[in-house]
Amino acid sequence: MNQKPATVQKYHSQPHASETDVTVEKPNASFSVTIKISVPNAPGSLGKVASVIGEQGGDIVAIDVVDSHSDYATDEITVNTVDDSHAQRIRKALEELGDGFHVHSVSDRTFRLHQGGKIEVRCKSPIKSRDDLSMAYTPGVARVSKAIADDHLLARDYTIKKNTVAVVTDGTAVLGLGNIGPLAALPVMEGKAALFKEFAGVDAFPICLDTTDVDEIVETTIRIAPVFGGINLEDISAPRCFEIEDMLKQALDIPVFHDDQHGTAVVVLAALRNALSIVEKSMSEISVTIAGAGAAGVAITQILTSAGVPDIVVCDRGGILHPDRDDLNEVKRDLADRTNPRRISGSLSDSMKGADVFIGVSGPNLVSREDVESMAKDPIVFALANPDPEIRPEAIYDVAAVIATGRSDYPNQINNVLCFPGVFRGALDAGATEINEEMKLAAADAIAACVHSHERTPDYIVPSVFNKQVVPVVAKAVFAAAHETRVATR
């Protein structure tokens, strides 16, 4: 195995792991359970329970006593597990403890969180008197409706339109789940709406459409658009998502933003700016390989081109995109014409030789350690496929100068939550009629700036999603860019 180059050592301090090392998933909150169990009211009883859970690999988060008697106590124990089968193994081991120990239930905390849905509608103005009723509804509401009929722009100030976004999907490309349909997509869209509210104070509502027809999706969205100040397209498969977004942008005078494309691209650009500062390279001199020519790959290509990257090579399952390939759809052919200035051909591995940056938005285990070793000095690797990246960070800690993934259990998570709340907050506040390239670039710069130069390390190139500075800083930058590009109405 090759020794770690000195040029990389000065950047990265992560421990080395061989490419053959097996990565074991860690217990996490997404598979956490609450175990309700009665134990003998005697010294050491609860310790036995804790020991069994630990021996089975469970991670105890909390223990709460819910009932206590002279001869027994009932506890609720919160445990993080790896998956459903792991939780069942823990339950079985506890049930084998014997007399005096009784497992009442094992409830899945994630399913409990989703019980009845994650969002709701509440009144901003209480209706507790006859006067309240006469102003909020008839006859007073007629005055507001007449004013809007005379001047449609007033709807931005006197209705929920001012602060409301539609999260529109057809359920064809959901997370790592694929085409699961609109009903199964609803919990994800509810989650998106919850993030809008929690991080940016934006009221978002899931719109899950029971059609995959492009024209029907566009027509339906146009018909419901009067209620909303923006449209967030979500989890719609490529290449239909490109056509849907383009058609809606042309038809509507409110922002239309496909987060899978542009949210990912904005955060990638922010992370890349900071990564380049660590390895002392500039955007105008690097070469980039992108694995994946779907929604995210197309948008990343566009924003990196706008940011001044001169040499981008995009790969799909068939290898490097170039104009001589006869198996490309319209979107990929356009990409081939706009990228690959050296007109190289071959495989993904071929494209990575000498590249400064690899960005993966494709699938698991497509990149080898040798591929990364073939890259330029101090390579930057963004392996963003979820849940399994194109290459595990453990395999290249001693080769890559900076590594990012799409996962929360590694440093440098490229997470769209860093982008879309602030982008829509700024666009809504400006009354923007669109979200243009200048607004996206401004958002990327703002996200990057949240990690100050003296704080940047190979393991810290993007801020945490819980950094409360991010949304207001991004919103302010987007608001300013909307005015500078004359798409603001407020």
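Colleague: Is F424 buried or exposed?

Modeller: Keep in mind that this is a predicted model. Buried means under 20% relative accessible area. F424 comes out at 0%, so F424 is buried.

Colleague: How many aromatic pairs are there?

Modeller: Two rings pair if their centres lie within 6.5 Å. By this rule, the number of aromatic pairs is four.

Colleague: What kind of pair do F199 and F466 form?

Modeller: Their ring centres sit 6.2 Å apart, within the 6.5 Å cut-off. The planes make an angle of 40°. Under 30 degrees counts as stacked and over 60 as edge-to-face, so this pair is tilted.

Colleague: How many residues apart are F199 and F466?

Modeller: F199 belongs to helix α8, while F466 lies in the loop between α17 and α18. The pair links distant parts of the chain, and the separation is 267 residues.

Colleague: What kind of pair do F257 and F424 form?

Modeller: F257 is in strand β8 and F424 in helix α16, 167 residues apart. Their centres are 5.8 Å apart, with 85° between the planes. An angle over 60 degrees has its own label, so the pair is edge-to-face.

Colleague: Which residue lies over the face of F420?

Modeller: F420 forms one aromatic cluster with F196, F257 and F424. At 3.8 Å from the ring centre of F420, over its face, lies K192.

Technical notes: Residues are numbered from 1 along each chain as its sequence is written. This is a predicted model: local features need pLDDT of at least 70, side-chain atom pairs count only at pLDDT 80 or more; totals for chains, interfaces and linings use all residues. Side-chain values use heavy atoms; hydrogens and water are left out. Rings of Phe, Tyr and Trp (its six-membered ring) pair if their centres lie within 6.5 Å; planes under 30 degrees apart count as stacked, over 60 as edge-to-face and the rest as tilted. Helices (H or I, at least four residues) and strands (E, at least two) are DSSP runs, numbered from the N terminus. Buried means under 20% relative accessible area, exposed over 50%, partly exposed in between (1.4 Å probe, protein chains only). A charge sits over a ring if NZ of Lys or CZ of Arg is within 6 Å of the ring centre and within 35 degrees of the ring normal.
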